[in-house]
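Me: Hi! Could you walk me through this structure before I set anything up?

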Amino acid sequence: MLTVVPLLSACSPHPGAGVWKTTEDNDYGISGLNVSYDGKADFVTSKLDNTTWHCFWGATGKHEAILDCSSSTNSEQEERFILTVNDQGLAELRHKSQLVAGFARQDENPAHEK
């Protein structure tokens, strides 16, 4: 039984996976972020260019994930964002080391829309 416990804990989802809502207004106009368990994520930047960003994410540490995102309005535009989750369960999204938005996790299933 003791050998099963470490195996189960290794299979737990990354803390960045989930449905996130912003904690305050931001310059990008992001209101939410959906980070699915299947390695996909998406969000909308309504104040900049009203673009939906479709992302693939990978964990870089226990509390950090890199989101490689493509713009829905310009297929050539790709950007990298960093999502960090703190010990209180709040997240920050950064772009080029600039804080984009802060988030609180919602009690929703982060299933990626098809």
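**Pocket, core and confidence**

Reply: Happy to! The lining of the largest pocket has five nonpolar, four polar and three charged residues. Here Ala, Val, Leu, Ile, Met, Phe, Trp, Tyr, Cys and Pro count as nonpolar, Asp, Glu, Lys and Arg as charged, and the others, Gly among them, as polar.

Me: What kind of model is it, and what are the ground rules?

Reply: The model is predicted, with local features needing pLDDT of at least 70 and side-chain atom pairs counting only at pLDDT 80 or more, while totals for chains, interfaces and linings use all residues. Residues are numbered from 1 along each chain as its sequence is written, and side-chain values use heavy atoms, leaving out hydrogens and water.

Me: Back to the largest pocket: how much space lies in it?

Reply: About 200 Å³. A pocket is an open set of points on a 1 Å grid over the protein atoms alone, where a 1.4 Å probe fits, with protein on both sides within 12 Å along at least five of seven lines; lining residues have an atom within 4 Å of a point. Points are joined across faces, edges and corners, and the volume is the space filled by probe spheres set on them.

Me: Which residues are closest to its centre?

Reply: Of the 12 lining residues, those are G32, L33, N34, D42 and F43. The elements giving two or more residues to this lining are β1 (18–22), β2 (32–35) and β3 (40–45). Strands are DSSP runs of E, at least two residues, and helices are runs of H or I, at least four, numbered from the N terminus.

Me: What does L33 touch?

Reply: Beyond neighbours within four places in sequence, L33 is in contact (heavy atoms within 4.5 Å) with G18, V19, W20, D42, F43, L67, L83 and F103. L33 is also among the residues with the most contacts inside the largest nonpolar core, which has 22 residues. Such a core is a set of buried Ala, Val, Leu, Ile, Met, Phe, Trp, Tyr and Cys residues joined through side-chain atoms within 4.5 Å.

Me: Last one: how confident is the predictor?

Reply: The mean pLDDT (confidence in each residue, from 0 to 100) is 85, and 82% of the residues reach 70 or more. Over residues 1–10 the pLDDT is below 50, and that stretch has zero contacts in the model beyond near neighbours in sequence.

Notes:
pLDDT = per-residue confidence, 0-100. Buried < 20%, exposed > 50% of the residue type's maximum accessible area, 1.4 Å probe, protein only.
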